[in-house]
Amino acid sequence: MDAHSVHPTCLADPDRPRCQAGPPSHPFPVEVGGGRRTRQILMKERKTGMVKRASFTAVALAFALILTGCTSRPDEAGEPARQASPAASEPVTASEPVTKPKVVTSGLEAPWSIIFHGDTPLVSERDSGRILALHDDGTTSEITTVDDVRAAGEGGLLGLADHDGYLYAYVTAASENRIIRYPLQGDGAQLAVGRAETVLDGIPAGTYHNGGRIAFGPDGMLYATTGDNQNSDNAQDRASLAGKILRMTPEGDVPGDNPFDGSHVYSYGHRNPQGIAWAADGTMYATEFGQDTWDELNIIKPGGNYGWPIVEGICKNRQYIDPVQQWRPAEASPSGMTILGDDIWVANLRGQSIRQIPLSAPSTSTRHYVGQYGRISDVVVTPKGKLWAATSNTDGTGRPNQDDDRILTIPTE
Ligand SMILES: [Ca+2]
């Protein structure tokens, strides 16, 4: 579809243009939270005139976007509109962190997901299909290369999860996305996988919008985010596995208490969610790529309809659950997320930063390390309670330096 053609849904639903064109229904989230460190950052940004606010430019940009309509377009790789528009948005700002990140390892190829099997970090590489174990000295070793990976656009080897002796992976293959799992044997440098088995297949795939994050919830069930595979109508079709958050048993079966009988669908109306995390009180959060106007942070409720492609961002339409926070794609494009202490942490690809969101004030946030390490694909809490992040500068969209891609320790104190 041409990038400037108008999706029929936009024409049919007067709510959608109003949502996009606004000034937003909620105040534009000022990207500053509480705390000593963030106040320091705010003071520095004020001095340099770089505190982010809703601006005439942003409103004008949103207005211009009505004219382009909602088209099915990629979020990250090879996507002209999302690449070209930063100049029309607000400037990239440096957040002057108190402490610098340290490099854990370097020389990775488009890492997408970091997990831990016991104390051993495991990393997926989107395009190579490799799953790597990371050792204490910063070296890596290959655990396996996943068969049938079709790495193109945003597809490839995406999310990983570890549960009860199995390593789970979300994989874009030639004709579908599927979740597989390997039995794990050994540990540390001797860690190895057995034969792969399919957990869930038949998830529609596209060059773009494949979702791909998988994680076990506090209920012991496996959750997976799926994209609309560039067919936005799939998101509202509860019979399709695309544009959803799915919930399944560790074997891939439908749990008896899922919101829709016999269905893996846990929530729907999603465009391209790529991050999920749970707070200690059980609240489930998800990040989502919007089309052109608003990327989203959502609180996920079973059976909830999150609006895509009818609405994007905060729309105050009772038929759909609004995000608790929304961001311009140039400042976000949120992928992995995690929760550490009292904060949500979000990896921003195009936004080239790590976002901190207080659980006590989820409509506010602070961006850290803006532009300093390039694109960030994932953030994760280590078994020792530290925050790690993976860069994604070798993914075909970024500008890698000689050390990319890297995994970094992110100071949080
Ligand atoms: Ca939404």
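Tutor: Asp257 forms a salt bridge with Arg247, with 2.8 Å between the closest N and O atoms. The pair links distant parts of the chain: Asp257 is in the loop between β13 (244–248) and β14 (265–268), and Arg247 is in strand β13, 10 residues apart. The strands here are DSSP runs of E with at least two residues, numbered from the N terminus, while helices would be runs of H or I with at least four residues.

Student: What counts as a salt bridge here?

Tutor: A salt bridge is a side-chain nitrogen of Lys or Arg within 4 Å of a carboxyl oxygen of Asp or Glu.

Student: How many salt bridges does that rule give?

Tutor: The count comes to 11 salt bridges.

Student: Is Asp257 buried or exposed? And Arg247, buried or exposed?

Tutor: Asp257 is exposed, at 55% relative accessible area, whereas Arg247 is buried, at 5%. Buried means under 20% relative accessible area, exposed means over 50%, and partly exposed lies in between, with a 1.4 Å probe and protein chains only.

Student: What should I know about the model itself?

Tutor: This is a predicted model, in which local features need pLDDT of at least 70 and side-chain atom pairs count only at pLDDT 80 or more, whereas totals for chains, interfaces and linings use all residues. Residues are numbered from 1 along each chain as its sequence is written, and side-chain values use heavy atoms, with hydrogens and water left out.

Student: Which residue does Asp378 pair with?

Tutor: Asp378 meets Arg213 in a salt bridge, at 3.4 Å from N to O. Asp378 lies in strand β23 (residues 376–381) and Arg213 in the loop between β10 (197–203) and β11 (214–216), so the pair ties together parts that are 165 residues apart in sequence. Asp378 counts as buried at 3% relative accessibility, and Arg213 counts as buried at 6%.

Student: Which residues are linked in a network of salt bridges?

Tutor: Asp148, Glu176 and Arg178 are linked in such a network. Within it, the closest N and O atoms of Glu176 and Arg178 are 2.8 Å apart, and both of these residues are buried.

Student: Changing topic: what are the protein donors of the calcium ion?

Tutor: They are Glu296 (OE), Glu296 (OE) and Tyr306 (O), lying 2.3 to 2.5 Å from the ion. Glu296 is in strand β17 (residues 295–299) and Tyr306 in the loop between β17 and β18 (325–327), 10 residues apart. Glu296 counts as buried at 3% relative accessibility, and Tyr306 at 2%. Donors are N, O and S atoms within 2.8 Å of the metal (3.2 Å for Na, K and Ca); water is not among the atoms, so sites may look incomplete.
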